[in-house]
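I will go step by step and write down what I look up.

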Amino acid sequence: MTAKEELKNISRELLGYVRFLNEDDLSAEATTGTKVMKAITETKAMKAATGTRAATGTKGTETMKATPASRTPEAAKKSDNKSNSKQRQALEEIFKKVSTCRKCSLGTSRIKPVFGVGDPNAGVMFVGEGPGYEEDHRGEPFIGRAGKLLDKMLAAIGLSRDNVYITNIVKCHAMINPSNPDARGNDRPPGQAEIATCRPYLDLQIAVIRPRCIVALGSVAAQVLLGTSVGISRLRGKWHDFGAGSPDLFSGSSGIADMGIKLLPVYHPAALLRNPNLKRDTWDDMKLLHTFLSQPKSEL
Ligand code: SF4
């Protein structure tokens, strides 16, 4: 790499980081992300064309070029739409079950179930712990200040809510006083029993979306998804194999433990708001994600 290219890379990275740090600049779209956005679009076409969970990355274009004439980008797009609509339908079916679910007590106090948003064919899923006040009232995960910061984290590497999938382990708001869902400051973390009861819905979502990787937002999500009690500061900064080490969590019916999905634990956006010193580490983690999504699966 020439000195000029190196400088260009450094300035691109710095620009992304500065935008990531600036919480007020919510409309920012990092230039570093342009390539990833392009890659995701290309990969979706490629996934449909090859019928596989192909890599998300710029090199995917080469693979698409090598596919037979019957797998033209137009055909791939059609097939992609078809598979998207099947996945969307499957998610809607799961959503219907969640909407009427009363399997744990959270179902009786919630205002709205918070199922998930985003691309049903996303290469990456972001999974948090559970909804809070704002989410309960809107029925959408990660809104409010922490959600806006998550949007910035996505934008810094060229992603958005439209091309990832965002959800939580627990779908209903856990409250200190369940008789007063309209009170602010009434949040509590979901209990172990609530997590275990709700977990199958997340497994189904994963089985339908079949992402290449999952980003666990915060300590609880990381520990539950990895089946460990190790703290987030030791889990973050590296990729883990999703499903390995927690066979008890999987019934085997969804087969998600065998999908080769990678998992990246990162600090929860709310933790970054409380402690901005964690942003440097989180930026490093987002770069890991960016690199992962830019590489073909075979090179990982
Ligand atoms: S938290 Fe999950 S298991 Fe409990 S009622 Fe809501 S959807 Fe059902």
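**Entry 1: the sheet**

In what order do the six strands lie in the open sheet? I traced the order as β1-β3-β2-β4-β6-β5, and the pairing is mixed. I remind myself that this is a predicted model.

Then I looked at the edges. β1 (117-118) and β5 (240-241) stand there with a single partner strand each, so one side of each has no neighbour in the sheet.

I also noted the helix on the sheet. Helix α12 (residues 279-294) packs there and touches β2 (124-128), β4 and β6. The direction of α12 makes about 160° with that of β6.

**Entry 2: strand by strand**

I started with β2, whose pairing with β3 is parallel and has four bridges. Val127 is the residue I found opposite Thr167 in β3. Towards β4, β2 also pairs in the parallel sense, over four bridges. Here Val124 has Cys213 of β4 as its bridge partner.

Next came β4 (residues 213-217) and β6 (residues 262-266), which run parallel and are joined by five bridges. In this pair, Val215 faces Leu264 of β6.

Which sense, parallel or antiparallel, do β5 and β6 take? I found the antiparallel sense, with two bridges. Asp241 stands opposite Lys262 in β6.

A reminder for myself: strands of a sheet pair through backbone hydrogen bonds, in either a parallel or an antiparallel way.

**Entry 3: what is covered**

How many of the five residues of β2 are buried? I counted five of five, so to speak a strand that is mostly covered. On one side I listed Val124, Phe126 and Gly128, and on the other Met125 and Val127; both faces of β2 are covered. In general, side chains of a regular strand alternate between the two faces of the sheet.

For β6, I found four of the five residues buried, and I call this strand mostly covered too.

I then turned to helix α9 (residues 219-226), where eight of eight residues are buried. Among them are Ser219, Gln223 and Leu226. What covers the buried residues of α9? I found that the cover includes β2, α8, β4, α10 (232-235), β5 and β6. Just after α9, I noticed that Gly227 takes a positive phi of about 60°.

**Entry 4: two residues up close**

I picked Phe292, which lies in helix α12. Is Phe292 buried or exposed? Phe292 is buried, because 21 other C-beta atoms lie within 10 Å. I also checked Trp239, which is 53 residues from Phe292 in sequence, and the C-alpha atoms of the two are 9.6 Å apart.

Arg188 has 13 C-beta neighbours inside 10 Å, so I wrote it down as partly exposed. Leaving out residues up to four places away in sequence, Arg188 touches Ala174, Met175 and Ile176. Gly132 is 56 residues from Arg188 along the chain, and their C-alpha atoms are separated by 8.4 Å.

**Entry 5: around the ligand**

Which of the 14 residues around the ligand come nearest? I listed Cys101, Cys104, Gly107, Cys172 and Cys198. The elements that give two or more residues to this shell are α5 (106-109) and α8 (192-209). The largest share, three residues, comes from α8. Sorting the shell by type, I got eight nonpolar, two polar and four charged residues.

**Entry 6: the whole chain**

I stepped back and looked up the totals. The protein chain has 12 helices and six strands. Of its 300 residues, 42% count as buried. Among contacts with a separation of 6 or more, 72% are between residues 24 or more positions apart.

What is the mean pLDDT of the protein chain? I found 80, and 68% of the residues reach 70 or more. Over residues 23-71 the pLDDT stays under 50, and the model has 107 contacts beyond four places in sequence for them. The pLDDT is also below 50 over residues 245-253, a stretch with 12 contacts in the model beyond near neighbours in sequence.

Notes: Residues are numbered from 1 along each chain as its sequence is written. Two strands pair if DSSP finds at least two bridges between them. Two residues are in contact if their C-beta atoms, placed from the backbone, lie within 7 Å. Axes are lines fitted to C-alpha atoms, for helices over the stretch in contact, and angles run from 0 to 180 degrees between N-to-C directions. A residue is near a molecule or strand if its C-beta atom, placed from the backbone, lies within 6 Å of it. Ala, Val, Leu, Ile, Met, Phe, Trp, Tyr, Cys and Pro count as nonpolar, Asp, Glu, Lys and Arg as charged, and the others, Gly among them, as polar. A residue is buried if 20 or more other C-beta atoms lie within 10 Å of its own, exposed if 12 or fewer, and partly exposed in between; C-beta atoms are placed from the backbone. pLDDT is the predictor's confidence in each residue, from 0 to 100.
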